[in-house]
Amino acid sequence: MSKDGHLKDRVALVTGSTSGIGLGIARSLAGAGAHVVLNGFGDPAVIEKLRAGLAAEFGVEVRYFGADMTKEDEIAGMIRDVEREFGAIDVLVNNAGVQHVAPVDEFPVDKWNLILALNLSAAFHAIRLALPAMKQKGWGRIISTASAHALVASPFKVAYVAAKHGIAGITKTVALEVADKGITVNAICPGYVWTPLVEKQIPDTARARGMTEEQVKKDVILAAQPTKEFVTVEEVAALALFLTTDGARSITGSLQSIDGGWTAA
Ligand code: NAD
C-alpha cells in the first residue's frame, strides 16, 4: 500500500512503537497512508533509523516523541506537541506495556506501580487528552493493545492481568461515551506474540513455576494456545489496521481476540 491508502492525511500516534507489536502497527498504519508518531524507549540511533526507514518506505511523515508513558506530564506534553504540529490525532493506539512475573505475595510493589501506570493509566491519560480534538473533527479510532489477559487470568501476573482487565473497562466506557461522535474505541486481545516482552518473562516464569526455560515455552506459553503457534506481529497489525477502516465503523466497545483459540477453551 502507499500514501494513497485509506488513512491518507490522517495522523496516528502509537505508544510503545519502537519495538514489537507497536512497531508492527505503526508500519501497517503508515502503509495505509497515515502520518505516524512513534513513541517508546531504545537506542536513539536505532530509533532514528526506524523513523527514517518508515518515512522513506511509505512516503509519509514520521516523528518520534520519547515521552515516558508512566508520566502524566510527559504524555500531556507529547499530545500537545503532536496536535500543534499535525492537528488532531486521528488514530490513537495505546500499546506501550511491560510485564513482571512473580507470585502475588512476593510481587514487588514498584513493579505493580509501574505496570498499573504504563499498561493502564497511560491509556486513560492519552484518551482523555486526545479526545477533544477527535470529537471536534467528528472522526477517530482508539485502539488499545490489551491481551488475552484482559479476558482470562494466569497465575503470577497479578499486575498485568489487573491492568489489562482495566483496559477492557476503559474501552467499553469510552466507546459508550463517544458512540455518536464518529469515534470507535476497541481493544485487541492477542495471545502470545514472540516479542522482547515475552522473551524477557521466560526466566522469571521458569523460576516461579520451577521449570526450565524450554518447558516454559512449550508447556506454559504454547500450551495456552490451541494452535500451538505464536500469534505474529503482522497478524495483530492487520487487525488494528482493519479497525481503522470504514468497514469497521460499527465495531466499537469490543474486545477483539486474536489468540489462536486460547480464550475459547
Ligand atoms: P515490546 O517489549 O516489544 O514493546 C514494548 C514497547 O513499549 C517498546 O517500544 C518499549 O520501548 C515501550 N515502552 C516500555 N516502557 C515505556 C514507557 N515507560 N513509556 C513509553 N514506552 C515504553 O513488547 P510487545 O510484546 O510488543 O508489547 C506491546 C503491547 O502488547 C503491550 O501492551 C503488551 O502488554 C501487549 N501484548 C503483548 C503480547 C505478547 O505476547 N507479546 C500479548 C498480548 C498483549
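How many nonpolar, polar and charged residues does the shell around the ligand have? By class, this shell has 14 nonpolar, 14 polar and 2 charged residues, where Ala, Val, Leu, Ile, Met, Phe, Trp, Tyr, Cys and Pro count as nonpolar, Asp, Glu, Lys and Arg as charged, and the others, Gly among them, as polar. The model is predicted, so local features need pLDDT of at least 70 and side-chain atom pairs pLDDT 80 or more, while totals for chains, interfaces and linings use all residues. Residues are numbered from 1 along each chain as its sequence is written, and side-chain values use heavy atoms, with hydrogens and water left out.

**Surroundings of the ligand**
- The ligand is surrounded by 30 residues, each with a heavy atom within 4 Å of the ligand.
- The closest are Ser19, Asn95, Tyr160, Val193 and Thr195.

**Polar contacts (pairs of N or O atoms within 3.5 Å)**
- A polar side-chain atom of Ser19 is 2.6 Å from a ligand oxygen atom.
- A backbone N or O atom of Met69 lies 2.8 Å from a nitrogen atom of the ligand.
- A polar backbone atom of Val193 lies 2.7 Å from an oxygen atom of the ligand.
- The protein buries 94% of the 830 Å² that the ligand exposes when taken alone (Shrake-Rupley method, 1.4 Å probe).

**Contributing elements and domains**
- Two or more shell residues come from each of helix H1 (20-31), helix H5 (158-177) and helix H6 (196-209), helices being DSSP runs (H or I) of at least four residues.
- H6 gives the largest share, 3 residues.
- Domain 1 (11-191 + 232-256) and domain 2 (193-229) each supply at least three shell residues, with bounds from an automatic or database domain assignment.

Notes: A polar contact is a pair of N or O atoms within 3.5 Å; within protein, one must be able to donate a hydrogen and the other to accept it, and residues adjacent in sequence count only if both atoms are side-chain atoms.
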